[in-house]
Amino acid sequence: MSKPAVTELLQAAVTAVKGTERPGQAAMAEAVAEAVEDGRHLLVQAGTGTGKSLGYLVPALAHGERVVVATATLALQRQLVERDLPRTVEALHPLLRRRPEFAMLKGRSNYLCLHRLHEGVPQEEEDGLFDPFESATPTSKLGKDLLRLRDWSDETETGDRDDLKPGVSDRAWGQVSVSSRECLGASKCAYGAECFAEAARERAKLADVIVTNHALLAIDAIEGAPVLPGHEVLIVDEAHELVSRVTGVATGELTPGSVSRAVRRVAKLVDEKAADQLQTASETFERLMELALPGRLEAVPEDLEYALMALRDAGRSCLSALGNTRDSSVQDEDAVRKQAKAAIENIHDVAERILEHSEFDVLWYERHERYGASLRVAPLSVSGLLREKLFTDRSVILTSATLKLGGDFNGVGASLGLAPEGIRGTEAAEKSEDDGLPVWSGLDVGSPFDYRKQGILYVAGHLNPPGRDVQRSDMLDELAELVEAAGGRTLGLFSSMRGARAAAEELRGRLGLPILLQGEETLGELIRRFAEDAETCLFGTLSLWQGVDVPGPNCQLVVMDRVPFPRPDDPLMSARQKAVEESGGNGFMAVAATHAALLMAQGAGRLVRATGDRGVVAVLDPRLQRARYGGFLRTSMPDFWYTTDRNQVRRSLSAIDEAAKKA
C-alpha cells in the first residue's frame, strides 16, 4: 500500500484543527517532506499566519522515524503538545494506520526534585541551620510558595514547573529542583523510582515525536553525553533564536558569590589543607573582582591569571579530596557532596578554560548593580559547533518567520555554519560535501497577509539621528503625536530600558492615556492588560520585540525608538565584528546590521497578526532612510507600504482609530 500524499495528510490535519488551507503551508509541507526523505537540510521562512507548525508536523509524522522538535518559547512548546500534536495525530491516524506517540522533554532543573522536596536543601553553615521549609514563615511569600509546592507534588503527574499555576519565584523553585550535576542519580536516590525528570526521559525514549527547547538541544550538542534519544529528523522552530541560546549555554561565568558558596559547601567534606587552599584562592579572587572594570579583556592580565590558577588548582585538590573524606556529622551527605562537587567542577572548568587562552573564546568583566562583578567567557562563534554537531547524521529543518535578512538566507546561514546559499547545482553540492559543509536549500513560503494593504512603514526622516548621550526631545514629541493620533493602541519597542522609562514618564505627563512599562508588573500581566484595553500603551525592551501576540484593534501602532544595533561596548558582539573584519569581511554588516535586522523584522511582525489587522510601524530613527545600510534593514522587514510623510501617517492613524471605535 502506497503512502498517502502529504497534501492529503495536510488537508486532514487542517480540517481537524478547524484551520484554513494556505498555499504557503502546503508548499512548506511538501518541501519538508522532500528534504526529510532525501536526508537534506532546509531553511524555511514562513510568515505569521502561515500555520508553520502543521507545515512541519504533518510531513514529519508521515515519515515514520523519530523526530525531535526544538522551540525557543514555552508558549510554542505548550501549543505543540497540548493542541497541535494531539489533533494532528488523531486526524492522520486513519490515513497512516498508526498513532504516533509524543512527549515533552526539558532540562532536569525544570522538574520538581522529590529528594529536595522531602529532605530539604543541603545548607551551608552560614546560610542557616534549618530546613528552608521550617525556617520560611508560613505568611512569607517564600513560605507560601514552598507550602503550595508540597501540596502540588501530590497532585502533579509531570512535576514540570510550567504546569504549576500560578507559578512561584525562582528562589522558591531553587529549593525544590536540582541541576543535572547536582542530581544523585536514579540508582542512588531514595526517590529515584518516582522521579519526575526520569519519568520524562523514559516517555521521551518511547515517543515518536519529542518536543524540547533550544537550551536542551544545545546541552545535548555541547556536553558530549547524549540527553536526547537518537533521532532521524531534527526540526528547529523559532530558529532565529538558536545561535543566541546555544551561545548562552556555552558561556561560562565566575563570580565572588559563586566561589564563596562553593567554599562553604565543600568545607566539611574535605581535609583542612584543601579547604584552606580554596578559601585563600576565593579571597584573592574576590579582592581582584572588587576592582574589575566592565569591558573585554583582550588578554588575561597577570593578576587575574594568578588568581585563576589558584582557583583551578584549589578546585582540583578539593575534587580529589572529596573522594576520600566523609563526615558523619553532615546530614544527607551524598546530596551535600553532589552539590559541592557540582559547584567546584564549575569553578575548575571555567578557570581552566580561561587559562587555556583560546583564540576562539571572548573574555570580559561585567558589573551588575544588584549582583556585583562577574567574569564571563563565551565562544567567539558557535557556527563551527553547530555545523559539526547539528547537521551530522540527520535531516535538519530550521524554520521561523524571520530567517531571510536583507533578501536572502546567507546571514542566518553563516551563523549556523552553512556555506552561502547563492552557489547552486551538483558541482556546488559536491564542493560543499568535500569541504565538510552541510548541503542545504532555502525556501520562503511568504505570508497569507497582504502587508502592503494592511500596514505602513513610517520612517521619521526629519528627526535628529540618535546619539549615545543625546537628549532626544524631538523623538519624544514625535512619539507623543503618533500615540495621540492612534488613540493609544501602541506597542513601544525601545533599544534600552532607560529609553523606555524616559518615554513612559514623558508621555504619562503629556497624554491622558494609560502607559504600561515593562518591569512594573509581570510580563504576562502587562500583555494581558494591553490586549484588553484599546487606549492602553505598552513600552518595553528586548522581550517585547519578540514576545507579544495581540491581534485585533488594540495594537495598531508599533514604534521603534531607534535601530537596535548592539551596544558598541558589547564585548561579544564587538569581538565577533572584529573577527569578521580581520578575515576580510564586512564586520558591521555581518554582525551589527544582521543583529538589528533580525530584531526589526521581529518587532515589525508584532503589528499584523491576523487578516483583519491594520496599522503603522513607526521607526523614529532617520538612519533607516538615510544610511547605506537602511535598504538592507527595510528589506528584512515585512513588505509594508513605505513613507516618510509624517502628516500622511497621522491621518492614517486617526482613520484607523476611528474605524476601530466604530467597529
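**Exercise 1. The largest cavity**

How much space lies in the largest cavity? Describe its lining.

*Solution.* The model is predicted.

Step 1. Search the whole structure. Two cavities of 30 Å³ or more turn up.

Step 2. Take the volume. The largest cavity holds about 240 Å³ of space.

Step 3. Go to the lining. It has 23 residues, and the closest to the cavity centre are C113, H115, V178, C183 and C189.

Step 4. Assign helices. Helix 5 (114–119), helix 9 (196–206) and helix 15 (333–355) each give at least two residues to this lining.

Step 5. Sort by class. The lining of the largest cavity has 15 nonpolar, four polar and four charged residues.

**Exercise 2. The second largest cavity**

Which residues line the second largest cavity, and which helix supplies the largest share of them?

*Solution.* 

Step 1. Take the volume. About 40 Å³ of space lies in the second largest cavity.

Step 2. List the lining. It is made by H214, L217, A218, A221, L242, V246, L386 and L390.

Step 3. Assign helices. Helix 10 (214–223) and helix 11 (242–249) each contribute at least two residues. Helix 10 has the largest share, with four residues.

Step 4. Sort by class. Seven lining residues are nonpolar, one is polar and none is charged.

**Exercise 3. Helix 1 against helix 2**

At what angle do helix 1 and helix 2 pack, and which residues meet?

*Solution.* 

Step 1. Compare the axes. Helix 1 (residues 6–16) and helix 2 (residues 23–38) pack at about 130°, and their axes are 10 Å apart.

Step 2. Classify the angle. Roughly antiparallel needs an angle over 145 degrees, and roughly perpendicular covers 65 to 115. The two helices are therefore oblique to each other.

Step 3. Helix 1 crosses helix 2 in a right-handed sense.

Step 4. Find the contact. From helix 1 come V6, T7, L10 and V14; from helix 2 come Q25, A26, A29, E30 and A33. By class, this contact of helix 1 with helix 2 has six nonpolar, two polar and one charged residues.

**Exercise 4. Helix 1 against helix 3**

Is the crossing of helix 1 and helix 3 left-handed or right-handed?

*Solution.* 

Step 1. The crossing is right-handed.

Step 2. Find the contact. V6, L9, L10, A13 and V14 of helix 1 touch L54, V58 and A62 of helix 3.

**Exercise 5. Helix 12 against helix 13**

Which residues of helix 12 and helix 13 meet, and what is the hand of the crossing?

*Solution.* 

Step 1. Compare the axes. Helix 12 (residues 256–266) and helix 13 (residues 272–290) pack at about 165°, and their axes are 9 Å apart.

Step 2. Classify the angle. An angle over 145 degrees counts as roughly antiparallel. Helix 12 and helix 13 are therefore roughly antiparallel to each other.

Step 3. Helix 12 and helix 13 make a left-handed crossing.

Step 4. Find the contact. P256, V259, S260, A262, V263 and V266 of helix 12 meet L278, Q279, S282, F285, E286 and M289 of helix 13. By class, eight residues of the contact are nonpolar, three are polar and one is charged.

**Exercise 6. Backbone geometry**

Which residues does a cis peptide bond join, and where does E238 lie?

*Solution.* 

Step 1. Recall the background. Most residues other than glycine have a negative phi, and most peptide bonds are trans.

Step 2. Take omega. The bond between K165 and P166 is cis, with omega about -15°.

Step 3. P166 is in the loop between helix 7 (141–155) and helix 8 (170–174).

Step 4. Take phi. E238 is not a glycine, yet has a positive phi of about 50°.

Step 5. E238 lies in the loop between strand 5 (233–236) and helix 11.

Definitions and conventions
Residues are numbered from 1 along each chain as its sequence is written. This is a predicted model: local features need pLDDT of at least 70, side-chain atom pairs count only at pLDDT 80 or more; totals for chains, interfaces and linings use all residues. Side-chain values use heavy atoms; hydrogens and water are left out. On a 1 Å grid over the protein atoms alone, a cavity is a set of points where a 1.4 Å probe fits but cannot get out, and a pocket is an open set with protein on both sides within 12 Å along at least five of seven lines; lining residues have an atom within 4 Å of a point. Grid points are joined across faces, edges and corners, and a volume is the space filled by probe spheres set on the points. Ala, Val, Leu, Ile, Met, Phe, Trp, Tyr, Cys and Pro count as nonpolar, Asp, Glu, Lys and Arg as charged, and the others, Gly among them, as polar. Axes are lines fitted to C-alpha atoms, for helices over the stretch in contact, and angles run from 0 to 180 degrees between N-to-C directions. Angles under 35 degrees count as roughly parallel, over 145 as roughly antiparallel, 65 to 115 as roughly perpendicular and the rest as oblique. A crossing is left-handed if the near helix is turned anticlockwise from the far one by less than a right angle, and right-handed if clockwise. Contact means heavy atoms within 4.5 Å.
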